[in-house]
Amino acid sequence: MKKIKTVDAIGHILCHDITKIIPGEFKGVAFKKGHIVKKEDIDVLLSIGKDHLYVWEKNENMVHENGGAIFLKDLTAGENLEFSDIKEGKIDFISNKYGLLKIDVDTLLELNMIDDIMLSTLHNNFIVNKGTKVAGTRVIPLLIDKNKLIEAKNIVGNKKIVNVVEFRPKKVGIVTTGNEVFYKRIVDKFGPAIKEKVEKFGCEVIGQAICKDDITMIKNAIENFINQGAELICCTGGMSVDPDDVTPTAIKESGANIITYGSPILPGAMFLLAYKGDIPIMGIPGCAMYNKTTVFDVILPRVLIDEKLTKKDIAMYGHGGLCMNCDICTYPACNFAKV
C-alpha cells in the first residue's frame, strides 16, 4: 500500500475502513476497506480529517473484488437468472422463472478448487420459484491475481455452471389399473392425486382411463392417449411383483423402451420409467397415493424440462434417496433426493 493525498485518490482502492464520528449523532464506518474512491467522496473524506489516504498500489496483474465477482458471474451464469447489486464483492444469482435449477456439478468443483475463488449454489435439480436465490459468487481477497481468473476461464470455457430451466407443461394421460377400481369396489384415489401434482406445473390432464388387470386393455389405453396427443403417460396401480400386477408388462408391450423398473428412492422403490419415442411413460407405485413426497415428485420435474433420463440418472438417487418422513414436509427444501 501507499500513502497519497486525498485529492489525488480518485479511482484508488482504500486499504482499511475509515470511521466517521459526529458527536451525539453517529459513529461508524463511512468508507469500507476496498472502497474505490469517487470524485464525490473527496469532500466527505476531507471533512472528517482525511487529508491523506492509504491505498493499494495499482498493479495491472491484480483485479479488485468487485471486478472479480462480475467476471465470475459472467463466466458461470446461464439462462433465466438475474442478479443482485454487488455488496462487499459478492453477487447473488436469482431465478427469474418457475423452473428446475441445473448445476454443472463437476465443473463447479473444478472452479472451487482454484484458490481465492468461490461459487456456492443450491443443489442440482432444485425446484425454484421466480425470486429464489440460487447461487452466490465472489473472490475471497480484496484483490485477486488476474491469472487465477484466467485459470477459471480455462476450466469453465463456454459452459454455464448455473442455469434455471423453465418447466414445459405437458398433456397428460392417466392410466389407472386394478380390478377393484374397474369394478367400482373401491373409489380411485390415484387419479386425483396425480392430477393435483401435474397441474401444479401447468400440465393439462386430457383424460383418465380405468383398466382392469388386463395387459391388452392397459396397452390399448396407453396407445389411445398417445394417439390423442398425450406427451406424458402416468400409469398407476399394478406396479408390484404380484402375478396379477401386469402394468409393467403392458407398458413394455406398448413398444416402450424400459429405462428402469425399480428405483433406489424410498418411498418409490417400485417406480418404472420408460419412453415410447420421446414420450415418457411413468409407472407410479402406490406410495404416491398416500405419501406427500415420493419418487414421482423427484422425477416429474426433470421430465417436465424434457430431460431424457437414463438408468444412471435414477441410480444416482441412492445417495440421499431416503425420505425421513418428517411430520411437516418441507420438500424440496430438505435433504431428500438431492443429486
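Modeller: Welcome! Contact here means heavy atoms within 4.5 Å. This is a predicted model: local features need pLDDT of at least 70, side-chain atom pairs count only at pLDDT 80 or more, and totals for chains, interfaces and linings use all residues. Residues are numbered from 1 along each chain as its sequence is written, and side-chain values use heavy atoms, leaving out hydrogens and water.

Biologist: Which strands does helix 6 lie across, and at what angle does it run to strand 14?

Modeller: Helix 6 (residues 190–199) lies across strand 14, strand 15, strand 16 and strand 19 (279–284). Helices (H or I, at least four residues) and strands (E, at least two) are DSSP runs, numbered from the N terminus. Helix 6 runs at about 160° to strand 14; such angles go from 0 to 180 degrees between N-to-C directions, with axes fitted to C-alpha atoms, for helices over the stretch in contact. Helix 7 (residues 215–227) runs at about 165° to strand 15.

Biologist: How do you know that strand 14 and strand 16 pair, and over how many bridges?

Modeller: Pairing requires at least two DSSP bridges. Strand 14 (residues 171–177) and strand 16 (residues 232–236) have 5, in the parallel sense, so they count as paired. In strand 16, Cys-235 is the bridge partner of Val-175.

Biologist: What is the strand order in the open sheet, and what makes strand 15 and strand 17 edges?

Modeller: The 6 strands follow the order 15-14-16-19-18-17, with mixed pairing. Strand 15 (204–211) and strand 17 (257–261) each have a single partner strand, so one side of each lacks a neighbour in the sheet. On average, neighbouring strands of this sheet are turned by 15° against each other, direction ignored.

Biologist: Why is Glu-88 called partly exposed?

Modeller: Its relative accessible area is 44%. Buried means under 20%, exposed over 50%, and partly exposed in between (1.4 Å probe, protein chains only), so Glu-88 falls in the middle class. Glu-88 sits in the loop between strand 6 (81–83) and strand 7 (90–95). Beyond its neighbours within four places in sequence, Glu-88 is in contact with Lys-32, Glu-65 and Arg-138.

Biologist: What makes the lining of the largest cavity nonpolar, polar or charged, by class?

Modeller: A cavity is a set of points on a 1 Å grid over the protein atoms alone where a 1.4 Å probe fits but cannot get out; lining residues have an atom within 4 Å of a point. Val-298, Pro-301 and Arg-302 are among the lining residues. Ala, Val, Leu, Ile, Met, Phe, Trp, Tyr, Cys and Pro count as nonpolar, Asp, Glu, Lys and Arg as charged, and the others, Gly among them, as polar. The lining therefore has 7 nonpolar, 1 polar and 1 charged residues.

Key. 1 Å grid on protein atoms, 1.4 Å probe; cavity = no way out; pocket = protein on both sides within 12 Å on 5 of 7 lines; lining within 4 Å.
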